[in-house]
Amino acid sequence: GKGSLLLEAQSNWDEPAKPSQAKWTVGKEKRVTILGPVEFPIGNVGREPGVLVFKGAFKSESKITGDIAFFPMDQDPMDPKAIPSKTGKFEATRVGAR
């Protein structure tokens, strides 16, 4: 499917953030993968472009929880040998279907 990622409502030092195209797939046992391009701020001097990947599962009709990883642009996030530069956990609430 298609969607969008908007992680930063407004930058303090640049024009407001714009949604980027995201792709998602649903697998077995209510598993879901969402990925899309993002840019992380580097202090107040630049941004690090890459791909943000959410891998999780539906815990209810509207809640998804799981792991998140950021891959620099020079890596393919779908390559099992790729090493993310940032990782963490996430919980998301589905706000509507289009």
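## Ground rules and overall make-up

Two strands count as paired if DSSP finds at least two bridges between them. Strands themselves are DSSP runs of E, at least two residues long, while helices are runs of H or I with at least four residues, and both are numbered from the N terminus. With that in hand, β3 and β4 pair in the antiparallel sense over twelve bridges.

Please keep in mind that this is a predicted model, in which local features need pLDDT of at least 70 and side-chain atom pairs count only at pLDDT 80 or more, while totals for chains, interfaces and linings use all residues. Residues are numbered from 1 along each chain as its sequence is written, and side-chain values use heavy atoms, with hydrogens and water left out.

The protein chain has six strands and zero helices, so its elements read β-β-β-β-β-β from the N terminus on. Of its 98 residues, 27% are buried; here buried means under 20% relative accessible area, exposed means over 50%, and partly exposed lies in between (1.4 Å probe, protein chains only). The accessible surface of the protein chain comes to about 7,200 Å², and 54% of that belongs to carbon and sulfur atoms. These areas come from the Shrake-Rupley method with a 1.4 Å probe, and for residues only the protein chains shown count as cover.

Contact means heavy atoms within 4.5 Å. Among contacts between residues at least 6 apart in sequence, 29% join residues at least 24 apart.

Let us walk along the chain. β2 (20-26) and β3 (31-42) pair in the antiparallel sense over four bridges, and valine 26 has valine 32 in β3 as its bridge partner. The two strands form a hairpin with four residues between them.

β3 and β4 also form a hairpin, with three residues between them, and glycine 43 in its turn has a positive phi of about 55 degrees. Bridge partners in β4 include valine 53 for leucine 35 and glutamate 48 for phenylalanine 40. Next, nine bridges join β4 to β5, which run antiparallel. This hairpin has four residues between its strands, and glycine 56 has glycine 66 in β5 as its bridge partner.

Glutamate 29, in the loop between β2 and β3, has a phi near 55 degrees, a positive value in a residue other than glycine. Lysine 30 lies in the loop between β2 and β3 as well, and its phi, near 60 degrees, is likewise positive in a residue other than glycine.

Are these side-by-side residues buried or exposed? Glutamate 29 is exposed, with a relative accessible area of 73%, and lysine 30 is exposed at 56%.

## Nonpolar cores

A nonpolar core is a set of buried Ala, Val, Leu, Ile, Met, Phe, Trp, Tyr and Cys residues joined through side-chain atoms within 4.5 Å. The largest one has eight residues: Val32, Val38, Leu52, Phe54, Ile64, Ile68, Phe70 and Phe90. A second, separate core of five residues includes Val51, Val53, Phe71 and Ala82.

Phenylalanine 70, one of the eight, touches Val38, Phe40, Glu48, Pro49, Gly50, Val51, Leu52, Pro84, Ser85 and Lys86, leaving aside residues up to four places away in sequence.

## An aromatic pair and a buried threonine

Rings of Phe, Tyr and Trp (its six-membered ring) pair if their centres lie within 6.5 Å; planes under 30 degrees apart count as stacked, over 60 as edge-to-face and the rest as tilted. The count comes to one aromatic pair. Phenylalanine 54 and phenylalanine 90 form it edge-to-face, at 5.0 Å centre to centre with 85 degrees between the planes. Phenylalanine 54 sits in strand β4 (residues 46-58) and phenylalanine 90 in strand β6 (residues 86-93), so the pair ties together parts that are 36 residues apart in sequence.

Finally, threonine 33 is found in strand β3 and counts as buried at 17% relative accessibility. Leaving aside residues up to four places away in sequence, threonine 33 touches Lys23, Trp24, Thr25, Val53, Phe54 and Lys55.
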